[in-house]
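These are my notebook entries on one structure. I set down what I looked up, entry by entry.

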Amino acid sequence: MIVDAGEVRSPSRCLLFLGDLPVTSTSPSTRVELEPIVELEPSYVIPVFLVVLAIPLMMVQIWLAAAIALFGLFLMVQAATIRLEFTQTDLDVYRSDSLIRRFPYSEWLNWQIFWQPVPILFYFREVNSIHFLPVLFNAKMLRNCLEQRCPQSSP
């Protein structure tokens with residue numbers, strides 16, 4: 001058991017491991033067979049929005065518009081190079097073909113996707129750290145993978 005800030009949680013809540021058998025969701029309402037590896041498709045909505053927003057802003061404040069446009073271009077490059085892969089046991093983050101970070105579901109305490117009308121920020125908390133990622137990938141696929149592999153507990 002993991003104890004963190006008064007919250008007791010079993011690390012196996014996110015996944016049920018059955019040796020060589022397929023891994024299934026432990027959600028009480030459904031049991032879904034998980035795909036072995038799901039790679040999220042990139043989404044350029046946020047970067048393109050920021051670059052387009054910078055164009056009319058140039059008439060009002062050139063330095064602010066330049067900063068917003070550069071940030072949008074930076075996010076566009078990140079969306080093109082960063083990949084998230086959901087495996088049966090981990091969330092893997094790749095830059096091109098190089099694995100840069102692995103997050104085992106067994107260490108996750110909570111996750112959330114902020115601002116539902118247009119998802120812009122993905123938050124998840126592990127036992128020892130907190131992570132925020134801009135949503136530079138398909139938000140529906142992200143939510144589906146998270147709900148299958150690490151369902152949130154009811155309040």
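I take buried to mean under 20% relative accessible area, exposed over 50%, and partly exposed in between, with a 1.4 Å probe and protein chains only. I note that this is a predicted model, in which local features need pLDDT of at least 70, side-chain atom pairs count only at pLDDT 80 or more, and totals for chains, interfaces and linings use all residues. Residues are numbered from 1 along each chain as its sequence is written, and side-chain values use heavy atoms, with hydrogens and water left out.

Entry: aromatic pairs.
I looked up ring pairs, for which the rings of Phe, Tyr and Trp (its six-membered ring) must have centres within 6.5 Å; planes under 30 degrees apart count as stacked, over 60 as edge-to-face and the rest as tilted. I found nine aromatic pairs in the structure. One of them joins F71 and F74, with ring centres 6.5 Å apart and planes at 25°, so I record this pair as stacked. Both residues belong to helix α2 (residues 62-81) and sit three residues apart, about one turn of the helix. Here helices (H or I, at least four residues) and strands (E, at least two) are DSSP runs, numbered from the N terminus. F71 has 44% relative accessibility and therefore counts as partly exposed; F74, at 46%, also counts as partly exposed.

I then turned to F86 and Y105, whose ring centres lie 6.4 Å apart with planes at 15°, so this pair is stacked. F86 is in strand β4 (residues 82-86) and Y105 in the loop between β6 (98-104) and β7 (108-114), so the pair ties together parts 19 residues apart in sequence. Are F86 and Y105 buried or exposed? F86 counts as buried because its relative accessibility is 0%, and Y105 counts as buried at 1%. I also note that ring pairs link F86, F103, Y105, W108, F122 and F124 into a cluster.

Entry: the sheet around F86.
Two strands pair if DSSP finds at least two bridges between them. I traced an open sheet of four strands in the order β3-β4-β5-β6, with antiparallel pairing. Its edge strands are β3 (38-39) and β6, each pairing on one side only. β3 and β4 are joined by two bridges, and V38 stands opposite F86. On β5, the residue opposite F86 is L91. Five bridges hold the antiparallel pairing of β4 and β5, which form a hairpin with three residues between them. Strand β5 (residues 90-95) is mostly covered, as five of its six residues are buried. Six bridges pair β5 with β6, where Y94 faces L99. The hairpin of β5 and β6 has two residues between the strands, and S96 there takes a positive phi near 55°.

Entry: the largest pocket.
I used a 1 Å grid over the protein atoms alone: a pocket is an open set of points with protein on both sides within 12 Å along at least five of seven lines, and lining residues have an atom within 4 Å of a point. The largest pocket holds about 260 Å³ of space. Its lining has 16 residues, and those closest to the centre are Q78, I82, V93, L133 and P134. Which elements each supply at least two residues of this lining? They are α2, β4, β6 and β9 (130-134), with α2 giving the most, four residues.

Technical notes
1 Å grid on protein atoms, 1.4 Å probe; cavity = no way out; pocket = protein on both sides within 12 Å on 5 of 7 lines; lining within 4 Å. Points joined across faces, edges and corners; volume = space filled by probe spheres on them.
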